Amino acid sequence: MPVTVGAHHLTLFTHDMDRFIRFYGEIFDAETKFDLSELGEGGGTLRHSLIDVGGGFALHPFQMPEPTGYENGSMQMGKRGHIDHLALKVDDEERLQEVRRRLVKAGASDGTITDFGAVRLVTFKDPDGMEGEVARWTDSKRVLGFEERKQELWPD
């Protein structure tokens, strides 16, 4: 049995902290635990927040005094940098559908659900362009490969 009990937080960079906090608050009902502005190395204001996205997991975005070059995300797998993507977990299909609806309304997703058998997910793009997923485990023990996966399009 592992000595750890799961992930605590993910640190990333953003161009616009207010936009970042608003997106995760509106879509995921995330709670900002802190939002600090302090003196950065070499001067300028460094701003960082801890945003509780549920289940004891948080996002820890930084807005640096000067751009780092890592603020922009990518939707191209393998070209996203050191961390490829973020996946947030929901407990049931009802919650998956609710988040899916919110993402489509916000223009952050086309609403397609990808069904890999043991896991169902909807992909989104956050305000900085980082790909994210909202996923839930199913009762299936079988995991479908990329060629076998099923996709459910958003009803127009």
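Begin by selecting residues 17-28, which make up helix H1: its twelve residues reach 16 Å from the first C-alpha to the last, close to the 16 Å expected at 1.5 Å a residue. Keep in mind while looking that this is a predicted model, with a mean pLDDT of 88 for the protein and 94% of the residues at 70 or more. Confidence is highest in H1, at 97, and lowest in strand S1 (residues 9-13), at a mean of 87.

Within the helix, now show the side chains of Met17, Phe20, Ile21, Phe23, Tyr24, Ile27 and Phe28, which are the buried residues of H1. These residues lie on the same side of H1, because the arc they cover around the axis is only 160°.

Then inspect the two ends of the helix. At the start of H1, select Asp16 and Asp18, where a side-chain oxygen of Asp16 comes to within 3.2 Å of the backbone nitrogen of Asp18. Just after H1, select Asp29, whose phi is positive, at about 55°.

Next, turn to the aromatic rings, of which the structure holds eight pairs. Select Tyr24 and Phe124, whose ring centres are 6.4 Å apart and whose planes stand at 75°, so that the pair counts as edge-to-face. Since Tyr24 belongs to helix H1 and Phe124 to strand S7 (residues 119-125), this pair ties together parts that are 100 residues apart in sequence. Both Tyr24 and Phe124 are buried.

Phe28 is buried, as is Phe124.

S7 and S8 form a hairpin with five residues between them, and in the turn Gly129 has a positive phi of about 90°. The two strands, S7 and S8, run antiparallel and are joined by seven bridges.

Finally, select strand S8 itself (residues 131-137), which is largely enclosed by the rest of the structure, because six of its seven residues are buried. Strand S5 (residues 86-89) pairs with S8 in the parallel sense, over four bridges. Centre the view on Glu133 in S8 to bring both pairings together: Ala87 stands opposite Glu133, and Thr123 also stands opposite Glu133.

Note on methods:
Residues numbered from 1 in each chain as written. Predicted model: local features only at pLDDT ≥ 70, side-chain atom pairs only at ≥ 80, totals over all residues. Heavy atoms only, no water. Expected span 1.5 Å × (residues − 1). Buried < 20%, exposed > 50% of the residue type's maximum accessible area, 1.4 Å probe, protein only. Arc of directions from axis to C-beta. Polar contact = N/O pair within 3.5 Å; in protein donor to acceptor, adjacent residues only side chain to side chain. pLDDT = per-residue confidence, 0-100. Phe/Tyr/Trp six-rings, centres within 6.5 Å; stacked < 30°, edge-to-face > 60°. Pairing = 2+ DSSP bridges.
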